[in-house]
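Have a look at the structure first, and then we'll go through it topic by topic.

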Amino acid sequence: MTSSPTPGLTRFNTLDDAAAEAELHEVCASAAWGSKVLAQRPFADTDALFAASDAAMAELTAADLAEAMAGHPPIGRPKPGDPTSAREQRGMAGASEELKAELLELNLAYQEKFGHVFLICATGATGEQMRDAVKVRIQNTAEVEREIARGELVKINRIRLTRLAEGE
């Protein structure tokens with residue numbers, strides 16, 4: 001457990017609300033999540049920040065989750081010029097054209113079935129692992145998949161919040 005705020009977290013705690021909200025929006029595109037986390041400032045340490053984030057994610061409605069997921073590019077197609085997206089999808093960097101094409105096809109089928117991008121915490125995952133995950137998860141019901149996506153958002157948010165708290 002962190003016993004005191006990190007320099008990045010201290011900076012975040014002292015930002016005005018608009019600036020803090022903008023930083024939270026870079027972590028998660030859900031306005032409801034951002035508002036809930038913002039309302040908990042100041043954070044004593046990163047554990048408190050994670051707890052606020054996790055609690056806010058647990059309370060999101062289906063519409064809020066859709067808004068959060070809309071902020072993520074499809075796997076294999078990071079946002080151009082977005083270092084966060086590129087870093088998180090690094091596992092696709094060396095993927096073959098065949099794997100990229102297969103993942104694109106699976107992404108499109110998934111999006112057609114569920115109405116949103118396939119969301120996975122891609123940090124540290126290979127292209128093959130992400131492909132295998134979408135193949136399994138496309139079989140889920142919408143309700144099951146929404147809760148899996150919520151769990152993936154928790155992981156992604158924690159990684160991004162760690163970077164914010166460390167001042168990166």
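Helix 4 passes helix 9 in a right-handed crossing. Keep in mind that this is a predicted model. Helix 4 covers residues 46-59 and helix 9 covers residues 142-166.

**Helix 4 against helix 9**

- Angles over 145 degrees count as roughly antiparallel, so helix 4 is roughly antiparallel to helix 9.
- On the helix 4 side, the residues that meet helix 9 are Thr46, Leu49, Phe50, Ser53, Asp54, Met57, Ala58 and Glu59.
- Their partners in helix 9 are Arg150, Leu153, Val154, Asn157, Arg158, Leu161, Thr162 and Ala165.

**Helix 3 against helix 4**

- Helix 4 also packs with helix 3 (residues 31-38): their axes come within 9 Å and cross at roughly 140°.
- Helix 3 and helix 4 are therefore oblique to each other.
- Here too the crossing is right-handed, with helix 3 passing helix 4.
- Helix 3 brings Trp33, Lys36 and Val37 to the contact, while helix 4 brings Leu49, Ala52, Ser53, Ala56, Met57 and Glu59.

**Aromatic rings**

- You'll find three aromatic pairs in the structure.
- One of them is Tyr110 with Phe114, a tilted pair at 4.6 Å centre to centre, with 50° between the planes.
- Tyr110 and Phe114 both sit in helix 7 (residues 97-114), four residues apart, or about one turn of the helix.
- Tyr110 also pairs with Phe118, this time edge-to-face, at 5.2 Å centre to centre and with 80° between the planes.
- Put together, Tyr110, Phe114 and Phe118 make one aromatic cluster.

**A charge over a ring**

- Over at Phe12, Arg41 lies over the face of the ring, at 5.5 Å from the ring centre.

**His116**

- Look for His116 in the loop between helix 7 and helix 8 (127-137).
- Why does His116 count as buried? Its relative accessibility is 14%, and buried means under 20%.
- Leaving aside residues up to four places away in sequence, His116 touches Met69, Tyr110 and Gln111.
- One of those contacts, Tyr110, is also a member of the aromatic cluster with Phe114 and Phe118.

Conventions. Residues are numbered from 1 along each chain as its sequence is written. This is a predicted model: local features need pLDDT of at least 70, side-chain atom pairs count only at pLDDT 80 or more; totals for chains, interfaces and linings use all residues. Side-chain values use heavy atoms; hydrogens and water are left out. Rings of Phe, Tyr and Trp (its six-membered ring) pair if their centres lie within 6.5 Å; planes under 30 degrees apart count as stacked, over 60 as edge-to-face and the rest as tilted. Helices (H or I, at least four residues) and strands (E, at least two) are DSSP runs, numbered from the N terminus. A charge sits over a ring if NZ of Lys or CZ of Arg is within 6 Å of the ring centre and within 35 degrees of the ring normal. Axes are lines fitted to C-alpha atoms, for helices over the stretch in contact, and angles run from 0 to 180 degrees between N-to-C directions. Angles under 35 degrees count as roughly parallel, over 145 as roughly antiparallel, 65 to 115 as roughly perpendicular and the rest as oblique. A crossing is left-handed if the near helix is turned anticlockwise from the far one by less than a right angle, and right-handed if clockwise. Contact means heavy atoms within 4.5 Å. Buried means under 20% relative accessible area, exposed over 50%, partly exposed in between (1.4 Å probe, protein chains only).
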